[in-house]
Amino acid sequence: MSSDLSFVEFVCDQIRDCGAIRFRKMFGEYMVYVNDKPLILVCDNTAYVKKLDCIAERMGGAECGFPYPGAKLHYILDVDDADFCTETLRVLEANTPLPKPKKKK
């Protein structure tokens, strides 16, 4: 089951204070970028973030899950709490490097 565009837009609205927000459809699901850094994977209308040490304490009580078969375990982000999402993503964004540009053929 793929995610609804309205849910992705809701997630983006909840984190609007984090910086430049955009999303991209990928394989029927969505990747949400904050300042060009891929931070949230939206699958089946659930927002996932990587399990990184920088947010481990903050996300300690959060539910975890697999966004798709074969994926690593991710934290499930409580998108109903805008302040928590914003603070968490600011930490993630500061600790995530920009993706390397693809080489041209």
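The legends below describe close-up views of a predicted model. Local features are given where pLDDT is at least 70 and side-chain atom pairs only at pLDDT 80 or more, while totals for chains, interfaces and linings use all residues. Residues are numbered from 1 along each chain as its sequence is written, and side-chain values use heavy atoms, with hydrogens and water left out.

**View 1. Strand S2 is covered on both faces.** Strands (E, at least two residues) and helices (H or I, at least four) are DSSP runs, numbered from the N terminus. Strand S2 covers residues 29-34, and six of the six are buried, so S2 is largely enclosed by the rest of the structure. Buried means under 20% relative accessible area, exposed means over 50%, and partly exposed lies in between, for a 1.4 Å probe and protein chains only. One side of S2 carries Glu29, Met31 and Tyr33, and the other carries Tyr30, Val32 and Val34.

**View 2. Strand S1 (residues 21-26) runs antiparallel to S2.** Strands count as paired if DSSP finds at least two bridges between them; S1 and S2 are joined by six. Lys25 has Tyr30 of S2 as its bridge partner. Two residues lie between the strands of this hairpin, where Phe27 takes a positive phi near 55°. Most residues other than glycine have a negative phi.

**View 3. S2 also pairs with strand S3 (residues 37-43), in the antiparallel sense.** Five bridges join S2 to S3, and Tyr33 stands opposite Pro38 of S3. The hairpin has two residues between its strands, and Asn35 takes a positive phi near 50°. Asp36 lies in the loop between S2 and S3 and has a positive phi of about 65° although it is not a glycine. With a relative accessible area of 45%, Asp36 is partly exposed.

View 4. Asp44, in the loop between S3 and strand S4 (46-50), has a positive phi of about 50° although it is not a glycine. Asp44 is partly exposed, at a relative accessible area of 39%.

**View 5. S4 pairs with strand S6 (residues 74-76).** The pairing is antiparallel, over three bridges, and Tyr48 stands opposite Ile76 of S6. Four of the five residues of S4 are buried, so S4 is largely enclosed by the rest of the structure.

**View 6. Two aromatic pairs are counted.** Rings of Phe, Tyr and Trp (its six-membered ring) pair if their centres lie within 6.5 Å; planes under 30 degrees apart are stacked, over 60 edge-to-face, and the rest tilted. Phe7 and Phe10 form a tilted pair, 6.5 Å centre to centre with 40° between the planes. These two residues are three apart in helix H1 (residues 5-14), and are therefore separated by about one helical turn. Phe7 is buried at 17% relative accessible area, whereas Phe10 is partly exposed at 32%. Phe23 and Tyr30 form an edge-to-face pair, 5.8 Å centre to centre with 70° between the planes. Phe23 is partly exposed, at 33% relative accessible area, and Tyr30 is buried, at 7%.

**View 7. Arg22 lies over the face of Tyr33.** The distance from the ring centre is 4.1 Å. A charge sits over a ring if NZ of Lys or CZ of Arg is within 6 Å of the ring centre and within 35 degrees of the ring normal.
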